[in-house]
Amino acid sequence: MRRYLIFLSLISLIIFSLTDCNNSYSDGKYLYEIHCQSCHMPDGVGLKGLIPPLAGSDYLKKNYDKLPCVILLGVEGEIVVNGKTYNQPMAGIPELETMDIALLINYINHQWGNDGKYTDFREVEANLQKCE
Amino acid sequence: MRNILFFSLILIFLASCGDQKPLPILNRGEEVNGKMVHEKIRNFSFTNQDSVEVTNETFEGKIYVSNNFFTTCPSICPTTSLQMSRIYDKFLNDDRVRMLSHSIDVRNDSVPVLKRYAEGLEIEAPKWNLVTGNEEEILAIAYDYFSNALKDETAPGGFDHDDLFVLIDKNRHIRSIAHGTDPKDVDRFMKDIEFLLKSEYSPK
């Protein structure tokens, strides 16, 4: 009986650790689906010359420090992504908490082959101080 | 004997699926002197992204696809615009097909704003007209296309509207409808467009 219990708890431990690994971006994914996906599309490719891509986007790397402000407050005017100019205003998501923004950035920076930096609460908080 | 029965069954089956039924007229109809008379899309006059007037005559002798959108719509519009641009690409070289997207946010979507959106989508009039106009007229004509377009401050972007794509024939009648957020439904819709062209229009 005891051996059986130990075996059972080992198995459940393995299962739990596995599911946890798979879901490391699940919160960020959830936020992406609610707030970003309808414009930037499920695969992050954007829409022609209207909405810039997030997948393989050089903008994410070049403007890493600005990303929290972009997500919170939106963008107006021309921006250049992968050499292409886009000029469609993007609405911000003012209801996001600092932690949400960190989760979103980490999700976007590690999806669709993106290999951006990891950010955390403190870094996002510091970058938000610099919003124009 | 059994073989004959089998083959005749196959023949009947083939014959029955050979001819597709004509697309129905979806507008409300009334019988007048033994003939069905259907409601039609009303007269309209709007302005497109090139500042050119767009009226019913713009679509004379053609079929067109109509929908509603606005350029800052954060919810379904990018998806419906992507699906509309699939239709645009497919029928780009067929002048019998045109497209009409009404912006329901007439205050923000001026002609230059529509022009910028058209350039971003990489599309051109007169094939695909993004139009603005009198607010009441734009919101009211949505009714003719079986669509909803309402001001609603609680909706994302300030307007509530649906994702319907509507196919209108040369007699101003609605012949097919699709949900523009569902790519498979749009596939079916494009087949309806091809079928309508083949069955009721002279070759391009």
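This report describes the fold of chain B in a predicted model, together with its contact with chain A.

Residues are numbered from 1 along each chain as its sequence is written, and chains are lettered from A and ligands numbered from 1 in the order in which they are written. Because the model is predicted, local features need pLDDT of at least 70 and side-chain atom pairs count only at pLDDT 80 or more, while totals for chains, interfaces and linings use all residues.

**Overall organisation**

Chain B contains 5 helices and 11 strands; helices (H or I, at least four residues) and strands (E, at least two) are DSSP runs, numbered from the N terminus. Along the principal axes, its C-alpha atoms fill a box of roughly 75 × 40 × 35 Å. Of the 204 residues in chain B, 36% are buried. A residue is buried if 20 or more other C-beta atoms lie within 10 Å of its own, exposed if 12 or fewer, and partly exposed in between, with C-beta atoms placed from the backbone. Among contacts in chain B between residues at least 6 apart in sequence, 65% join residues at least 24 apart; two residues are in contact if their C-beta atoms, placed from the backbone, lie within 7 Å.

Two strands pair if DSSP finds at least two bridges between them.

| Strand pair (chain B) | Sense | Bridges |
|---|---|---|
| Strand 5 and strand 6 | parallel | 7 bridges |
| Strand 5 and strand 10 | antiparallel | 3 bridges |
| Strand 10 and strand 11 | antiparallel | 5 bridges |

Strand 5 (residues 63–69) of chain B pairs with strand 10 of chain B, and Val65(B) stands opposite Leu167(B) in strand 10. Towards strand 6 of chain B, Tyr64(B) stands opposite Arg98(B). Strand 6 (residues 97–103) of chain B is mostly covered, with 7 of its 7 residues buried. Val97(B), Met99(B), Ser101(B) and Ser103(B) point one way from this strand, and Arg98(B), Leu100(B) and His102(B) point the other way.

Strand 10 of chain B has 4 of its 5 residues buried, so it is largely enclosed by the rest of the structure. Strands 10 and 11 of chain B form a hairpin with 5 residues between them, and Arg172(B) in the turn has a positive phi of about 65°. Ile168(B) has Ile174(B) of strand 11 as its bridge partner.

**Helix packing**

The axes of helix 2 (residues 77–90) and helix 5 (residues 183–200) of chain B come within 10 Å and cross at roughly 30°. That makes helix 2 of chain B roughly parallel to helix 5 of chain B (angles under 35 degrees count as roughly parallel, over 145 as roughly antiparallel, 65 to 115 as roughly perpendicular and the rest as oblique). Gln83(B), Arg86(B), Ile87(B) and Lys90(B) of helix 2 make the contact with Pro183(B), Val186(B) and Met190(B) of helix 5.

**Contact between the chains**

In the contact between the chains, 11 residues of chain A meet 14 residues of chain B.

Conventions
Axes fitted to C-alpha atoms, helices over the stretch in contact; angles between N-to-C directions.
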